[in-house]
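Open the model in your viewer and keep the sequence panel beside it. The stops below are given in the order in which to select them.

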Amino acid sequence: ISGLTTPEKFRLALFANREVRSLLIADPKKIVSLAVLKNARMNESEILHYAQRKNLSEEVIAAIAKDPKWQRHYPIRLAVVANPKTPLSTALSLLPQLQERDLKNLCRDKNVVPVLRRRAQELCAARNHK
């Protein structure tokens, strides 16, 4: 795979099996890694695994977060918010959709950006005062 050109990797990403997709998602070329997300064989568990990976690019995490197909799945939303590579604006927009127990976990997680952690604390406090 490493010997392929970028257009060849792009085409492969669109039709590859799970093992090849797992390699191509971490490709340094953004166009290749984003093409993996367009693969018709992608499923919820695979996207969840990618959303939890800390070594993926911000663009891939943002693409997962913006895709309406994956926004419907709560575990994926939670993984996107908890991933430190998620753009802050994306994570903040998804934060109100999380359950209270997950917000509390984010409040305690030291790997979460301080701004996001503070906003999670504010949401917890607001929900407890209702």
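Which residues of helix α4 (residues 44-52) are buried? Select Glu46, Ile47, Tyr50 and Ala51: these are the buried ones, where buried means under 20% relative accessible area, exposed over 50% and partly exposed in between, with a 1.4 Å probe and protein chains only. Because they cover an arc of only 140° around the axis, they lie on the same side of α4; the arc is taken from the directions from the helix axis to the C-beta atoms.

This is a predicted model, in which local features need pLDDT of at least 70 and side-chain atom pairs count only at pLDDT 80 or more, while totals for chains, interfaces and linings use all residues. Residues are numbered from 1 along each chain as its sequence is written, and side-chain values use heavy atoms, with hydrogens and water left out.

Next, show what the buried residues of α4 pack against: α2 (18-24), α3 (30-37), α5 (58-66), α6 (68-71) and α7 (74-82). Contact means heavy atoms within 4.5 Å. Helices are DSSP runs (H or I, at least four residues), numbered from the N terminus.

In α3, pick lysine 30. Lysine 30 is partly exposed, with a relative accessible area of 44%. From there, draw a C-alpha to C-alpha distance to aspartate 67: 17 Å in space, for 37 residues in sequence.

Last, select α9 (residues 100-108) and α10 (residues 114-129), whose axes are 8 Å apart. On the α9 side, the contact is made by Glu100, Leu103, Lys104, Leu106 and Cys107.

Technical notes
Axes are lines fitted to C-alpha atoms, for helices over the stretch in contact, and angles run from 0 to 180 degrees between N-to-C directions. Helices (H or I, at least four residues) and strands (E, at least two) are DSSP runs, numbered from the N terminus.
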